[in-house]
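Q: Could you show me how to read helix packing and chain contacts in a model like this one?

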Amino acid sequence: MSAGLRRRVFARSLLLQGAWSFERMQNLGFLFALEPALERAHGPRRAEAAQRHLEYFNTQPYMSGFALGAAAGMEERLSRETDPARAAAAAERLSAVKRSLASGLAALGDRFFWGSLRPACAAAAVAAWGILWTLDVPFPVLAGCLLYLALFNAAALWTRWEGLRIGFEEQESLPKALGRWPWQSGAAALRTAGLVLVGSTALAALIVPPWGSFTPWNLAVLAACLALKARGICAARIYAGLCALGVIIGALT
Amino acid sequence: MSLWWATRLPLLSAGAAALELDNLCVGQWMVSRPIVAGPLFGTLLGAPWEGVAFGALFEALSCESVPAGSHVPFNGCVAVVAAVLLSAGPGDLPAAAAFPAGLAAGKLHALAEKVLRERRAGLNALAEEALAAGVAVPWRRIFLRSLLPHAALTATLLFGAVALGGPILGGLWDALPAALTRGLQKAFDWSLWLGLAVLLDALRRRA
């Protein structure tokens with residue numbers, strides 16, 4: 001994939017979810033991002049190829065580069081096909097590969113980006129605020145926000161950008177290539193780092209002055225919230241319960 | 001509401017609506033996450049640490065849900081901006097009242113967003129018709145018809161929450177018995193522990 005094409009597809013992929021609908025989800029965004037690649041592969045006869053990409057498509061947005069790269073590579077190969085029967089078979093294969101990639105990439109991306117990186121970055125920002133505020137460092141609020149954005153976007157933008165190249169090169173063998181990446185261990189390491197940061201912040205919030213608010217009530221509330229979350233109860237319901245408990249205590253005191 | 005606020009609130013709502021587009025539609029650079037939007041709006045209103053507190057709290061709460069597939073979780077950006085504007089803005093609402101109001105605004109936005117997403121199915125027809133006619137897909141029209149209603153919804157909801165909801169909630173808060181406001185204040189003080197518990201749970205769980 002040429003650098004110019006890669007840049008254009010990458011820039012357009014930032015609107016992947018710009019026209020998200022329940023019916024076909026990211027299909028319009030996917031076609032919009034892929035259009036420069038279709039133009040290059042099929043020239044003025046790209047309408048038929050574009051129709052192919054109006055079908056349902058949905059994946060994790062930061063992993064979309066892999067699917068876009070693979071689709072661009074397969075379209076380029078397809079455009080060189082002269083036998084109509086083989087071209088039809090290649091188009092069929094492209095759709096199948098895209099479908100399977102979408103769900104596989106979504107599973108990997110949801111676990112890594114939403115389930116691990118996002119809370120780990122939040123934990124880092126909260127810990128940074130605590131430390132910077134305690135040390136009286138200038139602009140602590142801005143520094144915490146920038147840390148969060150830098151940590152998350154470094155991984156997210158890199159994956160989007162590199163995904164295009166790797167997808168274009170690997171095409172059908174992309175799942176095998178992705179299998180070599182340390183998704184599982186990376187996600188586990190991020191969660192562990194996040195746990196350490198949140199745990200330390202919680203401990204500091206409980207015992208270290210000037211935050212120190214260690215009371216049996218606070219400890220009991222934290223333990224109860226953890227137990228309720230472990231049972232899968234959502235935060236809004238727990239908060240409603242805390243309100244009810246607070247009102248009862250307020251009425252009794 | 002003072003003249004200062006009457007002129008700035010529409011601007012702040014429009015700014016928040018533009019920022020909120022990052023949540024799903026454009027880029028997803030995470031600038032719309034509560035942990036960034038909260039401190040940003042707090043700083044704009046001269047209450048940065050209030051923004052940090054709300055931002056961290058709503059960020060933790062929104063970490064419990066994954067925006068996967070057709071699931072539309074409560075909108076953390078709308079929730080935090082509403083809470084910060086209500087608390088540090090013209091209503092000067094106590095944080096204990098602004099927090100649940102922000103949660104409700106975030107949930108309301110998610111419900112309205114579902115309707116918008118359903119209506120966007122019609123945009124496929126625009127692309128299909130253009131391709132069938134052999135002309136270029138009208139991308140500008142497609143994205144404007146998708147993004148403008150979304151931004152308008154966010155701006156209207158935030159403006160309404162602060163301009164109308166603020167005085168109503170402020171009056172209600174003043175009218176509530178002391179035992180009730182004390183209780184809600186207590187629950188808000190505990191919400192720090194709830195936020196930590198949600199974050200710990202999100203990290204502990206295998207996503």
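A: Start with how a crossing angle is taken: axes are lines fitted to C-alpha atoms over the stretch in contact, and angles run from 0 to 180 degrees between N-to-C directions. Keep in mind that this is a predicted model.

Q: What is the angle at which helix 1 and helix 7 of chain B cross?

A: In chain B, the axes of helix 1 (residues 3-20) and helix 7 (residues 139-175) cross at roughly 140° and come within 8 Å. Angles over 145 degrees count as roughly antiparallel. Helix 1 of chain B and helix 7 of chain B are therefore oblique to each other. Their crossing is right-handed.

Q: Which residues make that contact, and how do they divide by class?

A: From helix 1 of chain B, the contact takes Leu9(B), Pro10(B), Ser13(B), Ala14(B), Ala16(B), Ala17(B) and Glu20(B). Helix 7 of chain B contributes His150(B), Ala151(B), Thr154(B), Ala155(B), Leu158(B), Phe159(B), Val162(B) and Ala163(B). By class, this contact of helix 1 with helix 7 of chain B has eleven nonpolar residues, three polar and one charged.

Q: How does helix 5 of chain B pack with helix 7 of chain B?

A: Apply the reading to the next pair. Helix 5 (residues 95-119) of chain B packs with helix 7 of chain B at an angle of about 150°, the axes being 10 Å apart. That makes helix 5 of chain B roughly antiparallel to helix 7 of chain B. The crossing is right-handed. Among the residues that meet are Ala101(B), Ala105(B), Leu108(B) and His109(B) of helix 5 of chain B, and Leu153(B), Leu157(B), Leu169(B) and Trp173(B) of helix 7 of chain B. The contact of helix 5 with helix 7 of chain B divides into twelve nonpolar, three polar and one charged residues.

Q: What is the arrangement of helix 3 and helix 4 of chain B, parallel or antiparallel?

A: The axes of helix 3 (residues 48-62) and helix 4 (residues 76-88) of chain B come within 10 Å and cross at roughly 150°, so the two helices are roughly antiparallel to each other. Helix 3 of chain B passes helix 4 of chain B in a right-handed crossing.

Q: How many helices and strands does chain B have?

A: Chain B has eight helices and zero strands. Its C-alpha atoms fill a box of roughly 70 × 50 × 30 Å along the principal axes.

Q: How do I read the interface of chain B and chain A?

A: Take the residue counts, then the area. 74 residues of chain B are in contact with 77 residues of chain A. The two chains bury about 6600 Å² between them, 72% of it on carbon and sulfur atoms. In chain B, Trp190(B), Trp193(B) and Leu203(B) lose the most area to chain A, together 13% of what that side buries.

Q: Where are the salt bridges?

A: The whole structure has 14 salt bridges over all chains, and the count between chain B and chain A is one. The side chains of Glu128(B) and Arg24(A) meet in a salt bridge at 2.9 Å, N to O. Within chain A, Arg6(A) forms a salt bridge with Glu162(A), the closest N and O atoms being 3.0 Å apart. Arg6(A) lies in helix 1 (residues 3-13) of chain A and Glu162(A) in helix 6 (residues 140-170) of chain A, so the pair ties together parts that are 156 residues apart in sequence.

Note on methods
Residues are numbered from 1 along each chain as its sequence is written. Chains are lettered from A and ligands numbered from 1 in the order in which they are written. This is a predicted model: local features need pLDDT of at least 70, side-chain atom pairs count only at pLDDT 80 or more; totals for chains, interfaces and linings use all residues. Side-chain values use heavy atoms; hydrogens and water are left out. Helices (H or I, at least four residues) and strands (E, at least two) are DSSP runs, numbered from the N terminus. Angles under 35 degrees count as roughly parallel, over 145 as roughly antiparallel, 65 to 115 as roughly perpendicular and the rest as oblique. A crossing is left-handed if the near helix is turned anticlockwise from the far one by less than a right angle, and right-handed if clockwise. Contact means heavy atoms within 4.5 Å. Ala, Val, Leu, Ile, Met, Phe, Trp, Tyr, Cys and Pro count as nonpolar, Asp, Glu, Lys and Arg as charged, and the others, Gly among them, as polar. Buried area is the accessible area (1.4 Å probe) that two parts lose on being put together, summed over both. A salt bridge is a side-chain nitrogen of Lys or Arg within 4 Å of a carboxyl oxygen of Asp or Glu.
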